[in-house]
Amino acid sequence: MLRRPEYRRALVFCGIIGIPVSLIAFWFLVLLHELENLIWVDWPHDLGWSDPPWWWPLPLALVSGAGVALVVLRFPGRGGHVPAAGLHAAAASKTAVPGVALAAVASLPLGAALGPEAPLIALGGGLALAFRDLARAPATEASTTLLGAAGAASAVSAIFGSPLVGAVLLMEVAGVGGPRLFAVMLPALLSSGVGAIVFTGFGHWTGLDAESLKIGLPAPPLLDVGDVGWSVLLALAVGVAVHGMLVGAQLAARLVVAHPLRNTVLCAVAAAGCAALYAVITGRSPAEVSLSGQATLSQLAADPHAWSVGALVAVLLFKGIAYTLCMGSLRGGPTFPALFLGGAVGVLLSPLPGLGVVPGMAAGMAAASAATLRLPVSCVVLVVLVVGNSETVPVIVLAAVVAFVTTELLPQGPGIPPFSAKPGRGPRPASSRP
């Protein structure tokens, strides 16, 4: 394929387009971050509070729900796909870019328990096609698919902090190679994790060492049987819990389709109510339930002992409900809240005999993200890079595969119906899978 001139030209063109797309994605993320700090940090401080008061998310939710509903009703592309559908590389569209950007701004800084990765994928693909048309490059079906995927990967790699995650994610999301490739990837992923455990176990238990590729980095404590066993059970539980949230999100999406404006606002306010109840019960910031959870996950990892058992249970309960409602109604990505919820489960269960905090968090994040996104390979790569701990890779692989298989084998939910812009019109039949 590299010998074909048209493919080489497309490769160069993708590299050139990646520059403006990544720059726009960077400033879009900066905008979201600055708005979030302004609304959740600066304004409360200016009014004399160290943290936002318990009621803070409620008026923001009214604005967010109404804004997203108006974008869905009035703009091409309906502000992007419903987060409950996971991440997918739908046909990139340059006409959808304004609506996607506005829906993300109306959702993410105002308290939606969602992340920015789904809007970035849609923006990157649409912008790449817009630049292609500006350059008057040939618009073929093959070039549309190639440029859409390349633009999405360029945009999303910034938020995950690694081009490797962006490339693997888009490969798996786009289904490159079809079901046959996926059928091979999953068993290979599982076998590699089991193999790593066997090599680690025999090297630790026998004192012998089989030569492997090493670069001399200091090694953390080795995994033991407790870490592996509890991680598998944790992944099973997380898979069942995530399946329940996905079904709930699909039901919320069906309600929104029936009456977009009213029910989007109701879902947003209900999610904000979860954050308010959490703040009243625990005395902590409502932002820990609202927003994506990216900053809170860093705080949890840095000092897990700062969270009491009651606070961990409360944040899992209330953020889980808020996440479910937001996935079915607002616009954003499902990845970061899933990572936080999985990490919180790992910290909560870390006192179990034989399970450490680091393996527990790693397994929890891998299980929750794989069950939510249904992209086990991408989730393994993402969690390995986030954790930055090579010794936990085997439990990350096992947890991702176990949670993914658990979620896939459970009965599927009602699905997300096609959108109808006519309020009051009931949903039409849809596929049973998100």
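Q: Where is arginine 78?
A: Arginine 78 sits in the loop between H2 and helix H3 (97-107). Helices (H or I, at least four residues) and strands (E, at least two) are DSSP runs, numbered from the N terminus.

Q: Is this an experimental structure or a predicted model?
A: This is a predicted model: local features need pLDDT of at least 70, side-chain atom pairs count only at pLDDT 80 or more, and totals for chains, interfaces and linings use all residues. Residues are numbered from 1 along each chain as its sequence is written, and side-chain values use heavy atoms, with hydrogens and water left out.

Q: Back to arginine 78. What is its phi?
A: Arginine 78 has a positive phi of about 55°, although it is not a glycine. Most residues other than glycine have a negative phi.

Q: How exposed is arginine 78?
A: Arginine 78 counts as partly exposed, because its relative accessibility is 40%. Buried means under 20% relative accessible area, exposed means over 50%, and partly exposed is in between (1.4 Å probe, protein chains only).

Q: Zoom out. How many helices and strands are there?
A: The chain has 15 helices and zero strands.

Q: How much of the chain is buried?
A: Of the 434 residues in the chain, 49% are buried.

Q: And what share of the contacts is between residues 24 or more positions apart?
A: Such pairs make up 77% of the contacts in the chain with a separation of 6 or more. A contact means heavy atoms within 4.5 Å.

Q: Which residues make the nonpolar surface patch?
A: Leu47, Trp49, Trp54, Trp55, Leu277, Val280 and Ile281 make a patch of about 720 Å². Patch residues have over 30% relative accessible area and no salt bridge; like charges are joined within 9 Å, nonpolar side chains (Val, Leu, Ile, Met, Phe, Trp, Tyr) within 5 Å.

Q: Take isoleucine 281. Where is it?
A: Isoleucine 281 is in helix H9 (residues 260-282). Isoleucine 281 counts as exposed, because its relative accessibility is 57%.

Q: Now the inside. How many cavities of 30 Å³ or more are there?
A: The structure holds three. On a 1 Å grid over the protein atoms alone, a cavity is a set of points where a 1.4 Å probe fits but cannot get out, and lining residues have an atom within 4 Å of a point.

Q: How much space is in the largest cavity?
A: About 100 Å³. Grid points are joined across faces, edges and corners, and the volume is the space filled by probe spheres set on the points.

Q: Which residues are closest to its centre?
A: Of the 15 residues lining the largest cavity, the closest to its centre are Leu110, Gly111, Ala112, Ala268 and Ala272. Helix H2 (57-74), H9 and helix H11 (309-329) are the elements that each give two or more residues to that lining.

Q: Switching topic. How many salt bridges are there?
A: The structure holds two. A salt bridge is a side-chain nitrogen of Lys or Arg within 4 Å of a carboxyl oxygen of Asp or Glu.

Q: Which residue pairs with arginine 374?
A: Glutamate 408 does, with the closest N and O atoms 2.6 Å apart. This pair links distant parts of the chain, 34 residues apart: arginine 374 is in the loop between helix H13 (357-373) and helix H14 (376-387), and glutamate 408 is in helix H15 (residues 393-409).

Q: Are those two buried or exposed?
A: Arginine 374 is buried, because its relative accessible area is 15%. Glutamate 408 counts as partly exposed, because its relative accessibility is 24%.

Q: What is the phi of arginine 374?
A: About 60°, a positive value, although arginine 374 is not a glycine.

Q: And which residue forms a salt bridge with glutamate 288?
A: Arginine 284 does, with the closest N and O atoms 2.9 Å apart. Glutamate 288 counts as buried, because its relative accessibility is 9%. Arginine 284 is partly exposed, because its relative accessible area is 24%.

Q: How far apart are leucine 73 and leucine 261?
A: They are 188 residues apart in sequence and 8.4 Å apart in space, C-alpha to C-alpha. Leucine 73 lies in helix H2.

Q: Last one: glycine 126. Where is it?
A: Glycine 126 is in helix H4 (residues 117-134). Glycine 126 is buried, because its relative accessible area is 0%.

Definitions and conventions:
Areas by Shrake-Rupley, 256 points an atom, 1.4 Å probe, with all protein chains shown as cover. 1 Å grid on protein atoms, 1.4 Å probe; cavity = no way out; pocket = protein on both sides within 12 Å on 5 of 7 lines; lining within 4 Å.
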